[in-house]
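Hi everyone, thanks for coming.

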Amino acid sequence: MCNLALMAESKTPGFWTKNCEKSGLAAVSTDSIKAAAESIGISQLPDQVSVRLANETTFRIKEIFQDSLKFCNHRKSRKLSCQDIDNALKSKNIEPLYGFVSKDFIPFRFSSGGGRELHFVEEKELDLNDIINAPLPKITYDVAIKAHWLAIEGVQPSIPENPAPEKQFSIDILKKGESKEPKTGIKALKSCHVQNNNPLISAKKPDSSSTSLVSLKPQFTHELSVEQQLYYKEITEAAVGSSEARRAEALQSLATDPGLAQMLPRFSTFVSEGVRVNVVQNNLALLIYLMRMVKALMDNPTLNLEKYLHEMIPAMMTCVVSRQLCTRPDVDNHWALRDYAARLMAQICRSFSTSTNLIQSRITGTFCKCLHDDKSSLAARYGSVAGLAELGPNVIQSLALPRLRVEGDRIKNILESPLLNAIDRTAAEHLRGLLVKHCGHVIKGLRQPPDLSEDYSNEYGYLGPLICQHITKLREQEAHKSRLLASAGLNRPAMGIGSRPSLMSTGSSSSQQNSSLSSSPNLDHQFSLNSNPSSVGASSRMTFYGSNSKTSMFDGS
Amino acid sequence: MAELQHFSGAGSVETVNYSSTLSSTEQDLSSQDSSQVPEAASAEVEVHDSSDITEETSGPIKLVAEKDQKTLFAVLQFLRKNNLGETVNALEQEAEKAGVKLKGDPASGSQLSTDEVSSLLSAYSNEADPSSYEDNYRLLQQCIETSLDAHKCELAQLSYPVFIHMYLVLIYNHHETKAKSFFHRFSGVLEDFHQNDLSQLSAVTMKSQMEGNNFIFSLRSNKYVVRISQDSNDMLKRYLEEKNKPLVQDIIQSHITLDVFEGLPRTRTQIKASAGGLCGEARQDENKVKVFYGLLKEPDIDIPLEDDDDLDDSQDGSSKSKKRKKKEFLSKKNKADPNAPALTRIPLPEIKDADKLEKINIAKESLKRVRLGGMERVAPSVCCYTFTNAFGTVTAVDISDDSSLLAAGFQDSHIRVWSLTPRTLRTVKSAAELSLLDKEGDDIFERMMDDCTGVESKTLFGHSGTVYALSISPCRTLLVSSSEDGTVRLWSLLTWTNLVVYKGHVWPVWGTQFGPHGHYFVSCGQDKVARLWVTDHHQPVRMFAGHLSDVDCIAFHHNSNYIATGSSDRSVRVWDVLNGNCVRVFTGHKKPVLCLAWSPDGRYLASAGVDTDILIWDIAAKVMVGMFKGHTAAVETLAFSRDGEVLASGGLDNTVKVWDFQQVIWDIDTDDIGMQRGHATITDHNYLLSDFPTKESPIFHLHFTRRNLLLSVASFLNPS
């Protein structure tokens, strides 16, 4: 028995049979018994005997382990130790294994050869002289008691002896099943809705959003200070509120403040949830505000959005290719939002796309899928073309040009159909303009003059003549410019700076910009008008934007 | 007699010893004079001292009658087996003197012995077709499944005991492979909390392994108790008769006690709350005895409440309110509790002057007590004492009642005592110096101490195994400790030496505790027995036997008349100190019970253990009245606040939790019929008041000071 127990102690991994799926079924293998028998000089142990021995050994070992668990319990420990097994052996009147200590978790070595596998305990030969002459180990510190306040009237003081508050916070979250932070986000969204005085939105607000938001909570593992919570509340309220001046300040803060990294996850969630809720309700103004928030966050040099792209990209993508983004698609200028979001998307691609995350190819894929889908709406097609265009002329050349004829036919069919409505017409015209402009730009580089309308028509279908016109105009402008430059002997003026819409300027400067640079319609200004539907008619904005801004929007890219 | 085979040598000697001491201890308890030691108690029983055993056994021999001869043979057989040759000779000689012929052929003796063993096991011998067991068990399952919903849960209780006994029958009759397949086929459908036992059971795969296994022994020597309503019982009987399955009927008849009660069947939650015992639930008739759970009437001590309180007397308002408080306090004290036992039921030590001073102190302190429960409750403050550099070697902790001393036992068998106050720990002066002192002086207790010896902590060496439990006496001059080496030791905290080694437990002693009035202490251990000791006797005055597995923890009732024990058989028992009877059995824990606490009013008992649930038992109503869920690892300690309004718990999950005990008591619906019938009633209400995590430090001990400040003792585990 004692022998068996000794063997049991050397609980080599191979000692147990391997086919023990359930822990309760682990058993000593007969091979181990045979190996043990050989080691004490008994060869050719009959199978029956070894089976019986294996069975018995398994039982005895299990018995010992069950007993040693008792000792572990009473030692007030969660880990079984060698001492517990020794004690269990002792209580069974079996001599314990004196001196079985090991630094390793499993001190067994594996060896195989001659078709046999063996596990053994490595026992090095030690030179007594070495041990005697070795320097004495350091004396361990004496056991001491240290008193501290674990709690004072129910509150745990934040001292080094107590666990960090973050841990407690996460415990709180787990316990309550919901966190406080996303709630304030929702509240902020709600409050901005109220400020907008849009009864439709506040009434329609789905309850499911709040529950689904709560389900996102495990990401928030650190607690914001009270100041940060206040800041978050202020910023989110201002960014989607009605006051343009406050919004400008909020966005300015988001774009420049260096200490926002900790709050970035909250902002990211705020944006993605905001888009989710408002796209359902076709609240164009709020979607624009949220996109401007994204822009501000992207502009902040101290923030790295990479970790939050999984929330940001879907939100932005929604703003580019969604079927409907506003309540009245025939008059509201959702095109500007699509263009704007598409530009942000392109910026994301440039900043974060790598060969491992393949953001660009995934985004391009999404756009293409939308473009190739016969059922997608014209607005969605517009968005995908805009998105592709922002990614550069090469993308247009390889992905949009082959579709030009198909798209042309589609536009033609719609425009010439007898059942044409205002929504379709605006959409078709916008899409046509967009395709002509971008494809024209690319085709100009591909073809040499002379530009003949018939050739274009043959090659590109319905849109051919329009593109031809566009290219001719472009070539003329170019020639005119080069002549001017040559005569003035000057370099090309830096058009990009003025023509790029400045998104972060304050309200007062934006009006100045508007007057001084007639070629740059200020997106900020425009959106601020948009947020007050009562003061300015939607149609007037439409004309303002449509007449002035279209070309200038893309110059920067 | 068969039990002898299952205890090792020393354990069985104890059983013999028990019978002889039992009669003498009655008078022992009543006589406070320690010089008048009864005869039997004086006979020292050393386990390996064969001559003493002869003395012990020589008593019964004189009573030998025809039928006792068998017993004698068994004793002889046992002695031979343990190579106690001298004793055998002595016994044989003694027997011959008594006119009994024992010197027969040894073969007959051994024959007898094996017969004894086999007679016990023979309950299992059965010639039924081994392959019919699976069918029969499936039939039982069908019976359960097809029964009405109301009875389904009740009948489902049968599936576990029938399963284990069928398995054991198969093993006993050498149908190993059949047993294995039977086990795999049906073990999965049994309740989760049986898994521990099932894994023990699955280890037994041969008949030879059934012998000497404690777990199997408990199973087959006790009938598994299933509580079941009258209706369900009738249904079951009808079903079994209809199907004519004698196999299941046999098993139920021979291994299961159906404890039938009147009224509606229990619900699933009720059944689950009280399930989990090693051999099922407690029988109703086991809990019938009346328990005097009330507190003893405090002796009249003139408590000078008015004189000192120099600080507060200046303020009129506060002193007025204080006076009112005092009045309440006094009136409360003077009321006699109708549930209290008579003051003389258990003889208590006389009250000394020092005790009176202590009582005055307690009364004073309790006036400054903070209320942790009720309407104007204050959230608890917790002071944590953390062991550093201990590396998990601390195994037992106790704090003295006045919160001035902390004692800790270590894995390497030493004990250390710290002073928690600025007062250092001093040793008493030498005998020569003491003789010079004026013994009548008022300050004798102060002057007998040697001031030069004052240190912050003292170490006590003596044990030779891990120290598992400690208890400081109420007078703070004594300490008992129990250890893996099987001994309980009494230490003096004046001389800092070991006074007595109490031998009796042979296996590790898991728990020990001083009685609330000193003088008595209790211990319990792996030998499944709890013992009551008096400090001035080296032998136990009571033994409490009845648990089916290790007794893991023990707690003295506040009135010194009762003892609660928790065990690895997952039951909690309450014992009467007067006669050693078990007066309450509670089941409901699913794993070993590790800690117990009596509520200050003595009516409720809290228990907790490895299964992380804290259960509250009502001694008067004999039912479980509450269950606190929330811990994530074994609960190691429980403590009631001094006014009994909150319960604090701590354990290996590194948290201290505080529970609203008062609310539990308020929530008890005394009119509930189920409760009157003894069914557990558990509400879903969350009673957790606060939750304080520590930094990687499991909680070993909790203690409320007299002012209701919670002290916790933890040991920092270096995260390496």
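Let's start with B:Ser147, which sits in the loop between α7 (132-146) and α8 (149-156) of chain B. Helices here are DSSP runs of H or I with at least four residues, strands are runs of E with at least two, and both are numbered from the N terminus. Quick housekeeping: this is a predicted model, where local features need pLDDT of at least 70, side-chain atom pairs count only at pLDDT 80 or more, and totals for chains, interfaces and linings use all residues. Residues are numbered from 1 along each chain as its sequence is written, chains are lettered from A and ligands numbered from 1 in the order in which they are written, and side-chain values use heavy atoms, with hydrogens and water left out.

So, is B:Ser147 buried or exposed? B:Ser147 counts as buried because its relative accessibility is 8%; buried means under 20% relative accessible area, with a 1.4 Å probe and protein chains only. Leaving out residues up to four places away in sequence, B:Ser147 touches B:Lys152, B:Leu155 and B:Met235 (contact means heavy atoms within 4.5 Å). B:Met235 is 88 residues away along the chain, yet the two C-alpha atoms are separated by 8.3 Å.

Now over to a sheet. Four strands of chain B make an open, antiparallel sheet, in the order β10-β11-β12-β13; two strands pair if DSSP finds at least two bridges between them. At the edges are β10 (467-472) and β13 (497-503) of chain B, each pairing on one side only. Five bridges link β10(B) to β11 (residues 478-483) of chain B, and B:Ala469 stands opposite B:Ser482 in β11(B).

How values were computed:
Buried means under 20% relative accessible area, exposed over 50%, partly exposed in between (1.4 Å probe, protein chains only).
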